[in-house]
Structure formats: structure tokens, C-alpha cells
Amino acid sequence: MMVAYLALLVCLSCAHAVEFEQGVSVVRKDRKERSSHLPALETGHSLLQVATRAGTTSSEHAAREREHDPVPLFRWLAERKEREERAEQRQSEWRERRGEWGAPSISLCGKGEANLGGSSADSKIMSRAMKSLCSPERRGMMKAWVDPRFKGNFQRLYSNGTNWIDEAFINYFSAPSESSAFAKETELLVESVHEFSEKPIVVFDFGEEPCKVPHWTSERFPRLVLLRAKPIQEGVSFNFNKIRAMLLAKARTGVVVDSDQFVFRGADQMFERTRQEGGADYPYPIMPVHWMSRDDGDALGYRVYKFKCPDCPKRTMRWGHAHPTFTYHALPFLGDLLAGELDNPRHVLDTTVNVPEDEDALNVGLWDVGATKQWCKFDVPWPSLFETYARLDADNLEGCCNYKDDKWYPEGVPLMFFTAHAAKDTDQARRIMAQLRKLKADSPQVFHAGSFYDKTSDVPGPLPCLM
């Protein structure tokens, strides 16, 4: 007790008299002295550190301090220590819930600067992509932790210790529980990848609390890598996590799939086609054409959804659907796009255009850089169309779903039955997938202008979209 009391007396020494009343400091002569002494206790410095910093004390001042009862201060210090221990416990629980503790991670930022992660071409390009995303307030969003159950999958699929994966489907979600609709859709998507594809899928959980999905295991899904990451900046649409996922995945070639999609045979060819059409000569993501043109000048259907934007760059192609494919060469474009949405005020790249959603930003951004490539529709808009496709019912497909406009696609949009979108009814989607299993592997998967085709190369052109 005597040692602690002497340490306290040394701690309280200072050039100006400071008295403690029930554990609260009151500065007699200079209020600035308060900021140079007591706050050390608040920031976790030990009594010895504070005493050392305070220096030598006059005997007169020491005598004055001995007149005060130290018990309230000790009580205050004990309460503060208890608060700190509770805060540390909460932090430990947070780390455990998010899989941070001892789990592999992907971090795109170092100490305030972009993390090169090596001298390879892909890492240098990633460094350029991170130039505006590694500030202190942003770099926490540029890190993700592998769910410990998928550590083995991560180490097997991400090559050579570089934390890069050669190719992968990429998805993001957030859900309160395994029984929620969003989690069920995501599970169906992962199932479809494992049934109809040979590629891995990287899924990011961007929820405030990680979704507990006990039935997702590495044994059931050997090509799934599940990662947890902090939520996006407050005030920014959740869907901009799509761009975060494209960056954090560290995929050399990626195909983005939403949770309400399922994958069918043929989707894997999009990886090779993306490498052929993307790359250093075209460093941008490529989106499939949307089933709505959203063009202000289009006289055909769905004009109610037209996109009016007087300050936007000139359109260089029809509105695209936000299911992009990309190579790592597109990462700087994506990094700049995300950074603009995190700024205040928000803006798309170097424009002053402020848009609310990721699809808007991707379209305006691609117009701004003069991009011209888009895929024919490999993300068929409705799962029910796969039933029509399974019957090879050309008349009904042409009657309902040519998606013409009078400017970009006057002959209609070619459909490639590789993935289905809007699969929100997972029971219906599973019934359709059961029908698709029965189709022969060589069934035609391309439809355009009233006819089915066995291969994309068989479709007569020229076409305004890529196949």
C-alpha cells in the first residue's frame, strides 16, 4: 500500500498545483496543464510513465498533495480499469465473431498506404487501385477475414501465398440468419456453382454481424471461400459492396454474380472470354446488356424507367446490368469509382454526377471513359425463362423477350442461357434446376431472333454485343 501511495504522489507532481477532488482533476493556475498530465491516465499510460514524464516535484507541492485522501482516486482508477477490461472483452468477442482471431486475411492497405503485396504486375496494378482508398478512415473497409471453416479452401485456391486467385465467381451478401431470404438465395447460388461449374466462388459477408450459416462447410462446398468484412461507410448504398468485393477478392479474372442468381452450364466460358476481351488493352469491367434500354430517347418499352441525367457523359452503349466480369487490369477503374462514392459530395470518377446505386455508377463511369464493350445477355432476366428454354420454345421466347430498342438493339438482344437472375423464390429455382439437370450436355444455349444456336459462333452477325 505504501509503494502504491508513493507512486501516486510522484504521479501527481507537476509544475502547477493540481488537486484531486473525488478522482476529478481541477487545474488551479493553467487549464492547459490538464491536457498534459491527467489525460495520460485516460489513454492507458501507467502511473510510472506519467510520473516519469512529470519530472521532479517541489517538497512544498508534495506536502500539499499528501493532505488529500487518495481513496476516491483509487476507486476511480479501479472503475476505469474495469471499463477497459469490458471494452477489451467486447473487442475480443467482435474479433471472434468476424473470424479475425487467427484467421487468414486479405488486406489491401498497409499503414496508411497501398499495400503492394509483392512486385508482380497484378500487385502493382492493385496498388494503383488503392491510391484513394487507404486513408485512415477508409482502410478498414479494405480488409477481409476468411471464415476459419474455409481456411483450407482459401489456402488451396489462393495461389503461392500471394493471396491472389486466378479466377472466381464473386458474390456479396448480408443476412441476419441462415433462414433469411438473402442467405437462402446465396446458398442456392453456391449450390449451383458446385453443380454446374468447375470454378471457385468467393463470397463476402458485409453484415454488421456475421451471418451464422452452420450448414455451409468446406466439405459440402469445397470451392467456396467465405470471407467476413466490416460494413461499408454509413450513408453509402449497401450495393457498393459489390465493388468492394471485386477489389477484395484479388481475382485475376472475376465474374460477379448476385445472390438472386443461379449458374448453369456454359457460364464457365465467360472467364476465358473476359480474358480475351479485357486485359491491358481494355482495362474496364464488361457488363451484360440490360433487358431495359433506360435510354431517354428510346421510343420502345419500359420508358418509365428511363435514366435522365443532363450532366452525364454521352452514352457510349446501351445501359448495362450490374453483373460485370473483369480482369485485374480493371481494378484501378473500380478503385477510383468506389473512392468517388465514398467522397463528400459523391461523384462518379472525375464528373460531378451523383448517383445512388452501383449500377448507375458503373454505367456512368464506363460512359465517362468511353467504354464500348458489353456482353450479350448471359444473365437471363427471369428463372421461368429457363423453363421455356428447356422446352426449346422459340415462339414464346421471341414473343416475350427480345428486348428490342430503336437505337442500340433494333433486332433484339441475344440470350445466352448461362445464368438466371431474379431467383428470389428458391423453391421455384430448385425445381427449375432439377429440370435443367435432365437436359443433354450439348443442348443449344443461345437464342436470337427466333432461333436457337448450338454455339455462340453460330449466331449471324454483326452483333452490338459480345458473345
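## Close-up views of a predicted model

**View 1. Surroundings of His448.** In this predicted model, His448 touches Glu411, Gly412, Val413, Pro414, Tyr453, Val459 and Leu463, leaving aside residues up to four places away in sequence. His448 belongs to strand 15, which spans residues 446-448. The relative accessibility of His448 is 8%. The residue therefore counts as buried.

**View 2. Packing of helix 9 on helix 16.** Helix 9 covers residues 181-196 and helix 16 covers residues 426-437. Their axes come within 11 Å and cross at roughly 10 degrees. Helix 9 is therefore roughly parallel to helix 16. From helix 9, the contact draws on Lys184, Glu185, Leu188, Glu191, Ser192, Glu195 and Phe196. Helix 16 contributes Thr426, Ala429, Arg430, Met433 and Arg437. By class, the contact of helix 9 with helix 16 holds 6 charged, 4 nonpolar and 2 polar residues.

**View 3. The disulfide of Cys109 and Cys134.** The structure as a whole contains 4 disulfides. Counting bonded cysteines along the chain, the pattern is 1-2, 3-4, 5-8, 6-7. In the link shown here, the sulfur atoms of Cys109 and Cys134 are 1.9 Å apart. The angle about the S-S bond is -80 degrees, and the link of Cys109 and Cys134 is left-handed. Cys109 sits in the loop between strand 3 (105-107) and helix 7 (121-129). Cys134 sits in the loop between helix 7 and strand 4 (143-146). The pair therefore ties together parts that are 25 residues apart in sequence. Cys109 counts as buried at 8% relative accessibility. Cys134 is buried too, with a relative accessible area of 3%.

**View 4. The disulfide of Cys309 and Cys312.** Cys309 is joined to Cys312 by a disulfide, S to S 2.0 Å. The torsion about this S-S bond is about 80 degrees, so the disulfide is right-handed. Cys309 counts as partly exposed at 23% relative accessibility. Cys312, at 15% relative accessibility, counts as buried.

**View 5. The disulfide of Cys376 and Cys465.** A disulfide joins Cys376 to Cys465, S to S 1.9 Å. The link of Cys376 and Cys465 is right-handed, with 85 degrees about the S-S bond. The pair links distant parts of the chain, 89 residues apart. Cys376 lies in the loop between strand 12 (374-375) and strand 13 (377-380). Cys465 lies in the segment after strand 16 (451-453). Both Cys376 and Cys465 are buried.

**View 6. Pairing of strand 6 with strand 7.** Strand 6 (residues 201-205) and strand 7 (residues 224-229) pair in the parallel sense over 5 bridges. The bridge partner of Phe204 in strand 7 is Leu227.

Technical notes:
Residues numbered from 1 in each chain as written. Predicted model: local features only at pLDDT ≥ 70, side-chain atom pairs only at ≥ 80, totals over all residues. Heavy atoms only, no water. Helix = DSSP H or I, 4+ residues; strand = E, 2+ residues; numbered from the N terminus. Buried < 20%, exposed > 50% of the residue type's maximum accessible area, 1.4 Å probe, protein only. Contact = heavy atoms within 4.5 Å. Axes fitted to C-alpha atoms, helices over the stretch in contact; angles between N-to-C directions. Parallel < 35°, antiparallel > 145°, perpendicular 65-115°, else oblique. Nonpolar A, V, L, I, M, F, W, Y, C, P; charged D, E, K, R; others polar. Disulfide = S-S within 2.5 Å. Pairing = 2+ DSSP bridges.
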